[in-house]
Amino acid sequence: MRPLAPVTPPATRTTRLALAVLAAFSVLTACGGGSPAADAAVGEGEGSGGKGAITIRIPDPGNAGVLARGKKDGSLDKALAAVGAKVAWTGSAGPFAPAAQAMNADQLDIATGSITSGITSLSQSPGFAFFTATAPDPVGEGILVRPDSDIDSVEDLVGRKVAVNKGGTGEYLLLKALAKAGVPADKVERVYLRPDQTAAVFNAGQVDAWAVWSTYAVAEIGADKARFVADGTAIGSDNYSLNAVRSGFAKEHPEVVKALYAYLHENSAKEKKDPAAYLNVFTDAGPTAVNGKAKDVQISFTGKGGTVDPIRPEDIKRFETVARFYADQKVTPNKVDIAAHLIDIEKLS
């Protein structure tokens, strides 16, 4: 999955369990001292990115991706200043569910997530809409198994335990893979875990496989601790990465949303051509840095991934397919009307 800044890379794409949602939401609201609403109050005056400028609240991008580089070199500030806006980094990029809650509570203006986690969040009472689409990751998401596992196909998952994040990318990838292989979903045990807590469980052998995306797959593959038994292409994934905007912000400041889109579109294309330039933006050491084989894996994944684009009619058809699939699989109680929560960025005014 690709977030605003890979969404980490992308890739940031997902839903956590209820307690995890609350915990992550607390991070969003606690970082930086006071509340995000207080720290990043939206100004309505005219300006060129300085005092009186419109403030757009975006999760901090961390150490990689388009927004991280834009934060460091000032190019994002310049792009937003051209439309009288400035960015306030609020909290940190993470799962989409708490970010959606933050947008609903008017504490965040922009977030990135997968179509899968987006659909589960839209089944609530959404105060946001999606305005970009990045094509499904063909090689960076899928179902991981340990290198010495005897699981060599999706059919081999019958009777096994697979770690997934509930309602998000992981659960979608597993269910989609099983459906394509003709394996009944109840023949495989889903173990619901937070992605950031799954690696230890997976490596200890407490689950047999892990349905996950590049943010977490890179480290496992880079450390020779895992291999894909099926990647996004093999699964036939429709798991787009999307950028969401708070509905009120889009209505009040369409020119800012369009400027942000243009920046993401242009620079995601640059990132695809030169992925290495968008890694280790602030530091090449420590837990946020990617080095060694993992760096090579990430560069390969990003180079084969998509770019941030407008939402086209053909994308909407695939979104609808995911929404229908989630309803059929009882992940959501009903089919979510995804089309009602999409923005045509080229017509936004």
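This is a predicted model: local features need pLDDT of at least 70, side-chain atom pairs count only at pLDDT 80 or more; totals for chains, interfaces and linings use all residues.
Residues are numbered from 1 along each chain as its sequence is written, and side-chain values use heavy atoms, with hydrogens and water left out.

**Exercise 1. Find the buried residues of α3 and what they pack against.**

Step 1: Locate the elements. Helices (H or I, at least four residues) and strands (E, at least two) are DSSP runs, numbered from the N terminus.

Step 2: Look for buried positions (under 20% relative accessible area, with exposed over 50% and partly exposed in between; 1.4 Å probe, protein chains only). In α3 these are Val-66, Leu-67, Ala-68 and Gly-70.

Step 3: Follow their contacts (heavy atoms within 4.5 Å). The buried residues of α3 pack against β1 (54–60), α4 (75–81), β2 (85–92) and α12.

**Exercise 2. Describe how α3 and α12 are arranged.**

Step 1: Take the axes, which are lines fitted to C-alpha atoms, for helices over the stretch in contact; angles run from 0 to 180 degrees between N-to-C directions. Those of α3 (residues 66–73) and α12 (residues 254–273) come within 10 Å and cross at roughly 105°.

Step 2: Classify the angle: under 35 degrees counts as roughly parallel, over 145 as roughly antiparallel, 65 to 115 as roughly perpendicular and the rest as oblique. The two helices are therefore roughly perpendicular to each other.

Step 3: List the partners. Val-66, Leu-67 and Gly-70 in α3 meet Tyr-263, Leu-264, Asn-267, Ser-268 and Glu-271 in α12.

**Exercise 3. Work out the strand order of the open sheet and see what packs on it.**

Step 1: Pair the strands (at least two DSSP bridges between them). The 5 strands run in the order β7-β6-β8-β5-β9, with mixed pairing.

Step 2: Pick out the edges. β7 (189–192) and β9 (227–231) each pair on one side only.

Step 3: Check the twist, which averages 30° from one strand to the next.

Step 4: Zoom in on one pair. β6 (residues 161–164) and β7 are parallel over 4 bridges, and Val-164 has Tyr-192 in β7 as its bridge partner.
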